[in-house]
Amino acid sequence: MTNLVHYMVRNPARLGELIYPLELNEPDYQAYGSFFIDGSDIDDLRDSYLFYGLSDEVFLPIDLRRVGKAQFDASVPKIGRFRFTATKVGVPAKYGGTLPFPSESLLVRQLAPYDRTALERAALEFNFYFIGFSPVIDGTADVKLQPAGRPSTDSQKRQVDW
Amino acid sequence: VPEAYIPNDSWKRSFKASLSPKPYPLLPAACEIMPRSVAAFVLWRKIGGSMHVFHGTSPATAATLASGGVNVTEGGGELGVGFYTGEYLHVAKAWAVHRYGAKRQNVVEFDVDDNAVQAFDIVWLDAGEASFTRANLKRSGTTRTHAFSCDLVWSPIVGTDKIQSDQHKWESLRSETALNSASWPKTIR
């Protein structure tokens with residue numbers, strides 16, 4: 001189980017698998033991803049997830065808080081509050097990459113924004129984007145990140161429990 | 001390798017031709033059966049002006065593309081060979097950050113001339129057709145080679161099951177020339 005909101009894409013080489021974009025083998029392959037969490041049953045959903053955003057080129061850990069059966073809110077200071085629904089994925093997919101992802105964990109829910117135009121407005125007016133988690137965020141990928149972009153306190157690091 | 005099955009799209013080309021002389025009648029019954037991608041195109045036509053589309057990539061490639069370096073034969077994706085754009089900046093940004101690890105200067109915005117695009121040969125796919133096409137291209141291993149033999153494919157993004165937003169696959173030399181022309185302004189974001 002993981003409390004992260006993952007950004008993944010369908011593996012173009014294998015049906016039923018999700019991978020992180022960095023794990024795509026083919027250069028110049030476009031495969032827009034989506035935000036995934038685990039939990040096939042509604043009772044499996046957590047009260048809170050860690051949902052990364054990018055604000056003015058700095059990674060921002062945001063608390064995605066459950067406010068309903070499958071509804072979640074993410075409040076971003078000075079920008080606004082955004083609501084998402086955790087909808088069931090038609091074809092449940094396993095993580096098919098090479099990183100130490102919990103093998104028993106199926107990613108079966110996808111976050112669908114209530115108001116996509118609000119997300120676009122935040123992007124255009126505030127330079128803010130929800131981006132989710134991939135190895136780019138925590139530096140396990142070979143990508144140099146700004147130190148200010150990572151969770152900087154122990155409490156924030158402890159939230160990432162996978 | 002079996003040839004990928006592609007849905008017959010001849011009715012859509014006829015449908016597009018029928019759009020030209022008059023606005024599409026936005027009746028509720030028609031809206032229910034009208035694919036979202038078609039609805040987006042119709043709305044775009046009615047509003048007029050230009051459309052902004054976004055392509056997420058690495059900063060180096062963004063600089064090349066913005067200076068007229070689009071090549072429709074180099075890219076590939078769930079709908080085959082072509083140059084892909086999407087309708088939202090935030091979608092392109094998330095892709096670019098995770099795929100290329102760069103946080104800035106990683107999206108190219110194209111200010112598309114709608115009059116030019118209206119003259120294009122466009123294939124619309126609804127979500128079901130796009131999913132079916134994608135699965136068949138994947139099965140036949142033609143995600144880097146399949147072409148619809150049109151200028152532009154307009155379809156929902158289907159790789160993640162739920163409809164996220166629309167994508168556009170620019171496929172022909174004519175569309176490549178248009179994307180690279182100075183009359184379609186390009187901005188790196």
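Of the 189 residues of chain B, 57% count as buried, where buried means under 20% relative accessible area, exposed over 50% and partly exposed in between, with a 1.4 Å probe and protein chains only. The model is predicted, so that local features need a pLDDT of at least 70 and side-chain atom pairs count only at pLDDT 80 or more, while totals for chains, interfaces and linings use all residues. Residues are numbered from 1 along each chain as its sequence is written, chains are lettered from A and ligands numbered from 1 in the order in which they are written, and side-chain values use heavy atoms, with hydrogens and water left out.

The model scores ipTM 0.84 and pTM 0.79. Chain B averages a pLDDT of 78, and 70% of the residues score at least 70; pLDDT is the predictor's confidence in each residue, from 0 to 100. In residues 17-33 of chain B the pLDDT is below 50, and this stretch has 15 contacts in the model beyond near neighbours in sequence, a contact being heavy atoms within 4.5 Å.

Chain B contains eight helices and eight strands. Helices (H or I, at least four residues) and strands (E, at least two) are DSSP runs, numbered from the N terminus. Among the contacts in chain B with a separation of 6 or more, 75% are between residues 24 or more positions apart. The chain exposes about 7,700 Å², of which carbon and sulfur atoms supply 57%; accessible areas come from the Shrake-Rupley method with a 1.4 Å probe, and for residues only the protein chains shown count as cover.

The largest nonpolar core has 58 residues, and those with the most contacts inside it are Leu64(A), Phe82(A), Phe84(A), Leu111(A), Phe130(A) and Ile131(A). A second, separate core of 20 residues includes Ala62(B), Val70(B), Val117(B) and Ala178(B). A nonpolar core is a set of buried Ala, Val, Leu, Ile, Met, Phe, Trp, Tyr and Cys residues joined through side-chain atoms within 4.5 Å. In soluble globular proteins, nonpolar side chains tend to be buried together. Not counting residues up to four places away in sequence, Phe84(A) touches residues including Phe51(A), Leu64(A), Phe72(A), Leu111(A), Tyr114(A) and Phe130(A).

Over all chains the count comes to 17 aromatic pairs. Rings of Phe, Tyr and Trp (its six-membered ring) pair if their centres lie within 6.5 Å; planes under 30 degrees apart count as stacked, over 60 as edge-to-face and the rest as tilted. Tyr32(A) and Trp95(B) form an edge-to-face pair, with 6.2 Å centre to centre and 70° between the planes. Tyr32(A) lies in the loop between β3 (29-30) and β4 (34-37) of chain A and Trp95(B) in helix α5 (residues 89-100) of chain B, so the pair joins two chains. Both Tyr32(A) and Trp95(B) are buried. Phe51(A) and Phe84(A) also form an edge-to-face pair, at 5.4 Å centre to centre and 70° between the planes. Because Phe51(A) lies in strand β5 (residues 48-55) of chain A and Phe84(A) in strand β8 (residues 80-95) of chain A, the pair ties together parts that are 33 residues apart in sequence. The relative accessible area is 0% for Phe51(A), which is buried, and 1% for Phe84(A), likewise buried. One aromatic cluster is formed by Tyr7(A), Phe35(A), Phe51(A), Phe82(A), Phe84(A), Phe128(A) and Phe130(A).

In helix α1 (residues 116-126) of chain A, Arg116(A), Ala118(A), Leu119(A), Glu120(A), Ala122(A) and Ala123(A) are buried. The cover over the buried residues of α1(A) includes β8, β9 (106-113) and β10 (128-130) of chain A together with β1 (50-56) and α5 of chain B. After α1(A) comes Asn127(A), whose phi is positive, near 55°.

Most residues other than glycine have a negative phi. Lys78(A), in the loop between β7 (71-76) and β8 of chain A, has a positive phi near 70° and counts as exposed at 83% relative accessibility. Ser149(B) has a positive phi of about 60°; this residue lies in the loop between α7 (127-140) and β6 (152-156) of chain B and is exposed, at 64% relative accessibility.

Glu74(B) lies in the loop between α4 (59-66) and β2 (76-77) of chain B and is partly exposed, with a relative accessible area of 47%. Leaving aside neighbours within four places in sequence, Glu74(B) is in contact with Asp28(A) and Arg144(B).
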